[in-house]
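Let us walk through this protein one step at a time. Keep the sequence and the 3D view side by side as you read.

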Amino acid sequence: MSSLLGDARRVNAGVGSLAAASAAASLLLYSDGDVISAYRVISAALRAPDVEPAAEEVNSAIWILSLTVALNGRKEMWDSYRELVERYRDLLPESVLVRSEIATNPATASPEALATLDRQIADLAAERDPGQIIRVAYVANDVDRLADLREPLLRVWREGRQAGAVASVTNALMLLCGESYLAGRWDDTLRFAEEGLELVEAYGYLEFVWYLKYSKALAAAALGQQDVAEEPLEWMLSWSLPRQAFIVPQHVYRVRTLAAIGRGDYETAYAEAVRISPRGVEGGTAQQLQLFVAYDLVEAAVRTGRTAQARDFVDAMLRMGIAKISSRWALLVAGAQGLVSEREAATAYFERALEAAPEELWPFERARVLLAYGEHLRRERATVESRVHLVAALALFDRLRAAPWAERARNEMSATGLSRRPADVSQVQLTPQELQIATLAASGLTNEAIEERLHLSARTVSGHLYNVFPKLGVTARAGRRDALTALDQHDRQGRP
């Protein structure tokens, strides 16, 4: 292998095909993570004055270049990448052009680029080419669309295992780590990462090791497993810095930010988050990871008394319009606005946050906003309303097994006079028919669907729900929804 790497580093970009340069750069990148040598080989080949490559060769070369530049993460490389994409624009497929716009800074992605990406994702339902699925999925990962790619990625994983396609399987596993983390299926995240590590260590795809270790560490941080989260981070730093893979340390700082917030160490969380995003969300290239910690940065700033900075960070989020990226960011931006606001304004922002995303998506983020909302309401002495949001937050945190956040929710519940037990919704006394209707409503059925299911009149259903909500102690629409969800989860947990 060392002989092959030496040969790859000695590739003369002015001689031979662009395909040869792509092969050499791939070997350098995947086998050793040699970012600078891979960049030198592929960028020089693309800039060679007498190069007249075929479209397929250009597409492959630009893809390898994008992976190399993403691993380095520096503005100079991203700017060079954008320049070369423009140079070969007429030879590149639409998917590469969209990746060029989104990957350099998802916060600046245009609505047109996002709409194009959504069409590309829809086209993958019947796609059999694993390479196309993986290329689109990497772009989708930057803008919270991996949930729409779960089935195609599982197909790549299953079929690739049967065919022995190690590279395709590994890429699919890495992307499934990202999808399962945001979905709150952290056991899947750990399982996918472990399988990926076994593969890459067996077959020598060393460039993938850091990301799989990072995926395990991030899930561990969310679960409150502080030592497990920290264990691979020093290795990630020692591996990446000599190779100038500067994006890797930013992933380390993200894990440490989340772990610190989990244990209530907000000074450390703030210090780690500003290493990624010192001024909040910004424009320009080389800013693709600032979204990782945007909400964390606001929360850490608020809880360390840096109110002015927190408001500046929220202003930057609004100025960049990141709520347009996905419903997750609509949820988090409004939640961040709630964190830096007071009284009725904060309440309105938290309500907007909870209405911004479907309940089944982004459970961890939703639970964190519910917790912040409950804390706000308790400070405003709206004790009954705060309890409902805290109970709903605790139900989600317990389902996720997010131990540090669940403990915070229990402490907040205690401050309102509620028991610290997770199933406090069981204290709500409902008649059998009220419970039946409330449970169906919590499962997502409309009033009309409940009427049809139970053969009841519209007046009966609405009347029962009208009686249920005061018993739950809520009036706001989002509070009703979350309290019903908590009831539904308690009901299902209590079934034999």
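Start with a pair of helices, α21 and α22. They are roughly antiparallel to each other, because their angle falls over the 145-degree cut-off. That angle is about 150 degrees, and the axes lie 8 Å apart. Helix α22 covers residues 383-400. The crossing of α21 past α22 is left-handed.

On α21, the contact includes Pro363, Phe364, Leu370, Leu371 and Tyr373. On α22, the partners include His389, Leu390, Leu396, Phe397 and Leu400. Sort the residues of this contact by class and you get 13 nonpolar, three polar and six charged.

A word on the source of this picture. The model is predicted. Its mean pLDDT is 86, and 86% of the residues reach 70 or more. Two stretches need care. Over residues 1-9, pLDDT stays under 50. Over residues 421-426, pLDDT also stays under 50. Where pLDDT is low, the predicted coordinates should not be read in detail.

Now return to α21, which spans residues 363-379. The crossing of α20 past α21 is left-handed. From α20, the contact draws on Phe350 and Leu354, among others. From α21, Val369 and His376 are among the residues involved. This contact has nine nonpolar, two polar and three charged residues.

Next, find α17 (residues 294-303) and α19 (residues 327-339). Are they parallel or antiparallel? Their angle is about 10 degrees, with the axes 10 Å apart. An angle under 35 degrees counts as roughly parallel, so α17 and α19 are roughly parallel to each other. Ala294, Tyr295, Val298, Glu299 and Val302 of α17 meet Trp329, Leu332, Gly335, Ala336 and Leu339 of α19. Eight of these residues are nonpolar, one is polar and one is charged.

Last, look at charge pairs. The whole structure holds 31 salt bridges. One of them links Lys75 and Asp79, with the closest N and O atoms 2.6 Å apart. Both residues sit in helix α5, residues 75-87. They are four residues apart there, so about one helical turn separates Lys75 from Asp79.

Methods
Residues are numbered from 1 along each chain as its sequence is written. This is a predicted model: local features need pLDDT of at least 70, side-chain atom pairs count only at pLDDT 80 or more; totals for chains, interfaces and linings use all residues. Side-chain values use heavy atoms; hydrogens and water are left out. pLDDT is the predictor's confidence in each residue, from 0 to 100. Contact means heavy atoms within 4.5 Å. Axes are lines fitted to C-alpha atoms, for helices over the stretch in contact, and angles run from 0 to 180 degrees between N-to-C directions. Helices (H or I, at least four residues) and strands (E, at least two) are DSSP runs, numbered from the N terminus. A crossing is left-handed if the near helix is turned anticlockwise from the far one by less than a right angle, and right-handed if clockwise. Ala, Val, Leu, Ile, Met, Phe, Trp, Tyr, Cys and Pro count as nonpolar, Asp, Glu, Lys and Arg as charged, and the others, Gly among them, as polar. A salt bridge is a side-chain nitrogen of Lys or Arg within 4 Å of a carboxyl oxygen of Asp or Glu. Angles under 35 degrees count as roughly parallel, over 145 as roughly antiparallel, 65 to 115 as roughly perpendicular and the rest as oblique.
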